[in-house]
Every structure is written in structure tokens, then in C-alpha cells.
Amino acid sequence: MTYGSNYDSSDNRQDDEGGERGIGRFFGRDNDSPKPQQHSGPQQGQYGQQQQGYGQQGHGQQQGYGQQGHGQQQGYGQQQQHQYQGGNNMVGGSQQGGNMPGGDYSQEELEKNERNARYKDWGTKAGIAALGAAAIGAAAYGIHEYRENQEEEEAEERRKQQEAEQEKRREEEERRRREEERRRQEENKNQGGWNQPPPSTDSAYGHYTKPQEHGSGGFCPPAPYGRPPYSFQQDDVRHADPNRSSDNSPTPHEYPKLHGASDHVIKIGSVISLKHNMTGRFLHTDRSHSTSTGSNQQLVFGYRWNPDENDWWQVLPANRDVPVPGSVVSFGTQIRLRHVETGRHLHSHYNYHEGRSGQNEVTAYGDSMRSDENDHWVVEKWGEGAYGQTWTQGEVIVLRHYVSGMTLHSHDLMISDDVQSVTCFGRGEEENDKWRVQLD
């Protein structure tokens, strides 16, 4: 009997059964339940037992291998299953915006990964929204800057237009002034006079008219341009030229105040006091004294023998004249005298007479914004006029009212205590017409 013949059919069946149990374990089925053994015969010798034993051993090995294989395959299956689940999660995660590694994850970790993926998605959307908002803000800022620049350009254009209009108005005023000057020169020429300063007084300022000599060796003061000669009569009523007022006048409303002068020369802007030569009283006005004649203007009178704060006057140009501040004033020049304390101008007029003397009254009138031709006075050197010569401190002068031709006058007639009458009267030939100037 060969080796192969020693195997009994029962042994073969046992081997088959063992194999089936091993295969059953490999696929997860339990085939360990005993089955009824069938023997083909009495072949249970030594070799049969050995064969049975070998079969059992083989069966055990096969069973063990089956178990081992089953365990390995089962473990591999579990690994495959977890990997597949991880792959599902990975695929799902990639669909939700992030790649998640596979592996054996708990439910908490999977939920955390999903939250992280959502947060990342939200962050992306928030970033896009922020960029959009920033773009809108930048566009709004750009529009704002453009509008500001445009408004600045428009304001600059308006400013330039205003400056051009102002310059045009100044040129027009200058043109009118030159035409008026030429007209006056022509009128004065027809009367045989002249109104230009002598060459030796180029630095002087003012309008000049050549005085007319008369038989006594004195001079006759010139009348205003285009008007009849002075009569020096109170009933010869003359009116101020409305074109020579402060209305639309190019003359500055204010000039710098000049105090003192080492050369004793009177200039435009000088602050002076006027002392009456005969009585020694100073020309004075204040807010507490007004006229009683009906004009209701501020009274001007002679007051005491030492100047106080209400005795100072500033030398200013006539209306519509525009000298440089500090210009030297020459005799024959039309000036205004503005009271420093109250801001009113030395003024005279017809129709209102001083109560006790009956002479034309002298008042302080207007302010820096209101002035007319009745505020104009011609400064002359007493007895000779000396037109064109420089006016200096201490000289005896006459102040001639430009409209009426009469002069600033005072006398011993007292209105009340320390209130000496001051009027506008006469030709300027009396001692009571003399005044001297002191610089502040």
C-alpha cells in the first residue's frame, strides 16, 4: 500500500471538514459545531491514527491558519472599512472646502473638522465682503477728494474773478480821478491859475492854485475850481460839492498817526494841536458840548492854555485825494482835521450861526466813514499865503474854509466858563485869525 493509500475516506472527510471550518472562520462563519463522524471501515491502525492525527494536525494547522488568515483578513477588512470611511469623510470634506486626512477618527474629531471647514468657508466669504467694502470705501473717498478738489478750484476761480473785478473798479476810479483832475486843470487854466506844485516842492502833497495879488500888496485866496471868487459875505451862501464827499471816495478812511517830528515838518498823518495866537487857548471839542443853533452838532471852542487829550487833531487829505502816508504838507494844500478823541472832523457851514456873534458856526462833524467838502480847509501862511512852501511847526498860519473862503476865527467872546467862541469869519487878515501849531 502506498502512502497515499493509507488515507481513509473518513480521514479525507475530516480533512474536508477541517478545511471547511477553517474557511468558515475565514469568512466569519462558525463551523466548529461537531458533526457525526462517519468511518468507512476498521482502518484505524497506527498509520490511520497517525494519519488521523496528521489530519487533525493538519486540520489544526489549517484551522489555525484559517483562524490566522481569518483574523488577518478580518483585520485587513476592518482596516479597509475604516479607510473607506475615512475616504468618505475625505471626499465629503473636500466637497465642503477642505481636505481631511483619512484614518480612524472619532465622531467629535469629525465634527470639529467639519466646523473648521465651515469657519474657513465663512472666513473666505468675510474676506471677500471686506474687500468689497474696502473697494466701496476707496471709491467713496476718491469721489469725496474729487469733489473737494473741484470745490477748491471753483473757489479759486471765484476769487480770481473777484480780484479782477476789484482791479477793474480801481482802474475805473483812477480813470475818473484823472479825468476830474484834467477838468479842474482846464478850468483853472481858463481862470489864469495853476494847480501843480512848484518844482522845488515835488515831495509836497496837495492842490495848488496861484493866489491873486491885490493892490495892498497882500494876496487874494483862490476860489474853488469853476466857482465865482470869494465874497467873504455870510449871505453869499455856497454849497459843498457832493462829488467831493466820502461817498465812493478812494481816499483811505484811516491814516497812521504820526507823533512828533525831528524836522518839525507837518505831514499827512501828523497829530497836532492848534493854539489861538491872541488868547492862547487851544482848539477843543468833546462829547459833552453841542451847538444850540439847530444843527445839533458837536461844539468846537477855545479851551484853556495847556493842551489836554481833547485838543489833538490828525492831519488828513481832502476827500478823493490819495497821498502817501507821511507826505509833506505845503501851504495851499486842502486838508481835513480829524479830532483824535471823538473821530469827528473840523467843520463849518452856512445857515447856522454862532448865537452871540452871529458868525458862521464851527462844529465837529461826521466820522471816519462820513465826510463832505465842508470839512476841507486850506492851510496858508498868514499874510502871504506862501503856497508851495513847506508847513512847519511854530509858524503863524490861517485855516481857510474851502467852500466859504472865510477863516477859522476866535475872540474873547465867552459862551460859558472856559468856553471861548470859535467861528468861521472874515478874509483872514485879522489878529484873531492867527493860529500856531504844536506837534504831539
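Which side chain makes a polar contact of 3.0 Å with the side chain of Gln 298?

A: It's the side chain of Thr 285: Gln 298 makes a polar contact with it at 3.0 Å. A polar contact here is a pair of N or O atoms within 3.5 Å; within protein, one must be able to donate a hydrogen and the other to accept it, and residues adjacent in sequence count only if both atoms are side-chain atoms.

Before going on, keep in mind that this is a predicted model, where local features need pLDDT of at least 70 and side-chain atom pairs count only at pLDDT 80 or more, while totals for chains, interfaces and linings use all residues. Residues are numbered from 1 along each chain as its sequence is written, and side-chain values use heavy atoms, leaving out hydrogens and water.

Back to Gln 298. The side chain of Gln 298 also has a polar contact with the side chain of Arg 344, this one at 3.3 Å. As for its place, Gln 298 sits in strand S6, which runs over residues 298-303. (Helices, H or I with at least four residues, and strands, E with at least two, are DSSP runs numbered from the N terminus.) Is Gln 298 buried or exposed? Its relative accessible area is 8%, so Gln 298 counts as buried. The cut-offs: buried means under 20% relative accessible area, exposed over 50%, and partly exposed in between (1.4 Å probe, protein chains only).

If you follow the chain along from S6, you get to the loop between S6 and strand S7 (313-317), and that's where Arg 304 lies. The backbone of Arg 304 has a positive phi, near 50°, in a residue other than glycine. Arg 304 is partly exposed because its relative accessible area is 40%. Asn 248 gives you another positive phi, of about 55°, and it's not a glycine either. Look for Asn 248 in the loop between S3 and S4. With a relative accessible area of 68%, Asn 248 is exposed.

Arg 244 and Glu 373 bring their side chains together in a salt bridge, 3.4 Å from N to O. This pair ties together distant parts of the chain, 129 residues apart: Arg 244 belongs to the loop between strand S3 (219-220) and strand S4 (271-276), while Glu 373 belongs to the loop between strand S11 (360-365) and strand S12 (377-381). (Salt bridge means a side-chain nitrogen of Lys or Arg within 4 Å of a carboxyl oxygen of Asp or Glu.) Glu 373 has a relative accessible area of 0%, so it's buried. Arg 244 comes out at 1%, so it counts as buried as well.

How many salt bridges does a search of the whole structure find? The search turns up 16 of them. Let's pick out a few more. Asp 263 pairs up with Lys 267, and their closest N and O atoms are 3.2 Å apart. Here, Asp 263 is partly exposed at 41% relative accessible area, whereas Lys 267, at 17%, counts as buried.

Now hop over to helix H3, where you'll find Glu 172 and Arg 175, 3 residues apart, or about one turn of the helix. These two form a salt bridge too, with 2.2 Å between the closest N and O atoms. Glu 172 is at 29% relative accessibility, so it counts as partly exposed. Elsewhere, Glu 156, Arg 159 and Glu 163 are joined up in a network of salt bridges.

Ile 397 is part of strand S13, residues 396-401. Its relative accessible area is 0%, so Ile 397 is buried. Phe 331 is 66 residues away from Ile 397 along the chain, yet their C-alpha atoms are separated by 9.1 Å. The other strand is S14, residues 407-416, where His 409 is found. His 409 is buried, because its relative accessible area is 3%. From His 409 to Val 398 you count 11 residues in sequence, and the C-alpha to C-alpha distance in space is 9.1 Å.
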